[in-house]
Amino acid sequence: MGEKQRVRSQVAASTEEPLLSPQRAFVLQFYPETDVAQGRFVGRVEHVVSGQAARFDSLEVLVAFLRRVLTVVGTAPSGGK
């Protein structure tokens with residue numbers, strides 16, 4: 001993509017609703033015990049907007065937290081966003 005086209009795309013995108021909504025943003029921190037080769041994921045996840053946080057020791061626990069928060073976010077009024 002050329003520079004002019006990239007700038008045009010950024011300008012057009014800035015006038016629309018952001019694709020990366022903070023309502024669906026999370027921070028993940030993986031602890032040293034994480035061992036990707038062994039399929040072990042250990043850490044902490046936090047929902048940016050609500051501040052809800054959880055520790056996880058498996059992908060299943062992480063996904064359950066994400067599912068729970070995203071379900072609530074998906075049913076909450078958007079507040080004009």
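User: Does Val-73 count as buried or exposed?
Analyst: Val-73 counts as buried, at 15% relative accessibility. Buried is under 20% relative accessible area, exposed is over 50%, and partly exposed is in between, with a 1.4 Å probe and protein chains only. This is a predicted model, in which local features need pLDDT of at least 70 and side-chain atom pairs count only at pLDDT 80 or more, while totals for chains, interfaces and linings use all residues. Residues are numbered from 1 along each chain as its sequence is written, and side-chain values use heavy atoms, with hydrogens and water left out.

User: Where does Val-73 lie, and what does Val-73 touch?
Analyst: Val-73 lies in helix α2. Leaving out residues up to four places away in sequence, Val-73 touches Gln-23, Arg-24 and His-47. A contact here means heavy atoms within 4.5 Å. Ser-50 is 23 residues from Val-73 in sequence, and their C-alpha atoms are 9.6 Å apart.

User: OK, back up. What is the overall layout?
Analyst: The pattern along the sequence is α-β-β-β-α, with two helices and three strands in the protein chain. Helices (H or I, at least four residues) and strands (E, at least two) are DSSP runs, numbered from the N terminus.

User: How many residues does α2 have, and how far does α2 reach?
Analyst: α2 covers residues 59-75, 17 residues, and reaches 24 Å from its first C-alpha to its last. That is close to the 24 Å expected at 1.5 Å a residue; the expected span is 1.5 Å times one less than the number of residues.

User: Which residues of α2 are buried?
Analyst: Leu-62, Phe-65, Val-69 and Val-73. They sit on the same side of α2, because they cover an arc of only 70° around the axis. The arc is taken over the directions from the helix axis to the C-beta atoms. As background, an α-helix has 3.6 residues a turn, so residues three or four places apart point the same way.

User: And which residues are exposed on the other side?
Analyst: Glu-60, Arg-67, Gly-74 and Thr-75.

User: What do the buried residues of α2 pack against?
Analyst: They pack against β1 (26-30), β2 (43-47) and β3 (53-56).

User: Which residues make up the largest nonpolar core?
Analyst: Eight residues: Phe-41, Val-45, Ala-54, Phe-56, Leu-62, Phe-65, Val-69 and Val-73. A nonpolar core is a set of buried Ala, Val, Leu, Ile, Met, Phe, Trp, Tyr and Cys residues joined through side-chain atoms within 4.5 Å.

User: What does Phe-65 touch?
Analyst: Not counting residues up to four places away in sequence, Phe-65 touches Phe-26, Val-45, His-47, Gln-52, Ala-53 and Ala-54.

User: His-47 again. Where is that one, and is His-47 buried or exposed?
Analyst: His-47 is in strand β2 and is buried, with a relative accessible area of 2%. Apart from residues up to four places away in sequence, the residues His-47 touches include Pro-22, Ala-25 and Phe-26, along with Phe-65, Val-69 and Val-73.

User: Next, Val-48. Where is Val-48 found?
Analyst: Val-48 is in the loop between β2 and β3. Val-48 counts as partly exposed, at 43% relative accessibility. Ala-25 is 23 residues from Val-48 in sequence but 5.6 Å away in space, C-alpha to C-alpha. With residues up to four places away in sequence left out, Val-48 touches Pro-22, Ala-25, Phe-26 and Val-27.

User: What about Val-27?
Analyst: Val-27 belongs to strand β1 and is partly exposed, with a relative accessible area of 48%. Setting aside residues up to four places away in sequence, Val-27 touches Arg-44, Val-45, Glu-46 and Val-48.

User: Other end of β3: where is Ser-58?
Analyst: Ser-58 is in the loop between β3 and α2 and counts as buried at 18% relative accessibility. A polar atom of the Ser-58 side chain lies 3.2 Å from the backbone nitrogen of Val-61.

User: Last one. What share of the protein chain counts as buried?
Analyst: Of its 81 residues, 15% count as buried.

Methods. Polar contact = N/O pair within 3.5 Å; in protein donor to acceptor, adjacent residues only side chain to side chain.
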